Amino acid sequence: MSAPTSNGLAPIGDGDHVLGAAEPRLTLVEYGDFGCPHCFAAKLPIESLLRRFDGLRLVWRHFPDPELHLGADLAAELSELAAAYGKFWQSHSLLLAGRERFSMEGLLEAASSLELGGSEAESVLRDRAYRPRVEVDIASGEAAGAHGTPTFFVDGERLIGHWRQLAQIIPAVLEDAS
């Protein structure tokens, strides 16, 4: 677990979804929404940075806006069911790519393709079983000053500007840390 930052960003914990370095030299936290086209656009460049820099770690936190992206909150909840099966990052890729499928039927199709079990997925979504987990991320994002998606934090500092700047910032920070 990491120490909290001065700007209100919650420390990285066991419940976070982490990809990349187990012992990072740099942590990138993304507050994202599976329905957000900008989160989808950032996905491949971020994955490229993770492949290039073995000291980089990505943390995904949910920040769905169901008013803007209908069903994005349910998609986040489905990803938490997938996480319970060790399939969060598979669901992350599938849900970001399938932004138009956030109807109950579309989410159940996604659950089926992830082999999560249709009746369990339907029950979880109907009962909003993972809603409290998603709300923890939303609250932490609000506390840290996230207002939209994607919002990135580079080693605890909120990125001001466009996410494409990460292609310059991350190499520079990692070189300075060497």
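The count of salt bridges comes to 10, where a salt bridge is a side-chain nitrogen of Lys or Arg within 4 Å of a carboxyl oxygen of Asp or Glu. One of them joins Arg 128 to Glu 77, with the closest N and O atoms 2.6 Å apart. Arg 128 lies in the loop between α5 (118–127) and α6 and Glu 77 in helix α2, so the pair ties together parts that are 51 residues apart in sequence. The model is a predicted one, in which local features need pLDDT of at least 70 and side-chain atom pairs count only at pLDDT 80 or more, while totals for chains, interfaces and linings use all residues. Residues are numbered from 1 along each chain as its sequence is written, and side-chain values use heavy atoms, with hydrogens and water left out.

**Sheet**

- Five strands form an open sheet of mixed pairing, in the order β1-β3-β2-β4-β5; helices (H or I, at least four residues) and strands (E, at least two) are DSSP runs, numbered from the N terminus, and two strands pair if DSSP finds at least two bridges between them.
- The edge strands, each pairing on one side only, are β1 (17–20) and β5 (157–158).
- Strand β2 (residues 26–32) pairs with strand β4 (residues 151–154) in the antiparallel sense over four bridges, and Val 29 stands opposite Phe 153 in β4.
- Helix α6 (residues 131–144) lies across β1, β2, β3 (56–62), β4 and β5, and runs at about 110° to β3.

- Two packed helices are described by the angle between their axes and the distance between the axes; axes are lines fitted to C-alpha atoms, for helices over the stretch in contact, and angles run from 0 to 180 degrees between N-to-C directions.
- Angles under 35 degrees count as roughly parallel, over 145 as roughly antiparallel, 65 to 115 as roughly perpendicular and the rest as oblique.
- Helix α2 (residues 72–84) packs against helix α3 (residues 88–97) at an angle of about 150°, with their axes 7 Å apart, and the two are therefore roughly antiparallel to each other.
- In the contact of these helices (heavy atoms within 4.5 Å), Ala 75, Leu 78, Ser 79, Ala 82 and Ala 83 in α2 meet Phe 88, Ser 91 and Leu 95 in α3.
- By class, the contact of α2 with α3 has six nonpolar, two polar and no charged residues, where Ala, Val, Leu, Ile, Met, Phe, Trp, Tyr, Cys and Pro count as nonpolar, Asp, Glu, Lys and Arg as charged, and the others, Gly among them, as polar.
- Helices α2 and α6 pack at an angle of about 110°, their axes being 9 Å apart, which makes α2 roughly perpendicular to α6.
- On the α2 side this contact is made by Asp 73, Ala 76, Glu 77 and Glu 80, and on the α6 side by Arg 131, Arg 133 and Val 134; by class, the contact of α2 with α6 has two nonpolar, no polar and five charged residues.
- Helices α2 and α4 pack at an angle of about 20°, with their axes 11 Å apart, which makes α2 roughly parallel to α4.
- Leu 74, Ala 75 and Leu 78 in α2 meet Leu 107, Ala 110 and Ala 111 in α4, and the residues of this contact divide into six nonpolar, no polar and no charged.

**Backbone geometry in loops**

- Most residues other than glycine have a negative phi, and most peptide bonds are trans.
- The peptide bond from Thr 149 to Pro 150 is cis, with omega near -10°, and Pro 150 is found in the loop between α6 and β4.
- Glu 115, although not a glycine, has a positive phi of about 60°, and Glu 115 is found in the loop between α4 (104–113) and α5.
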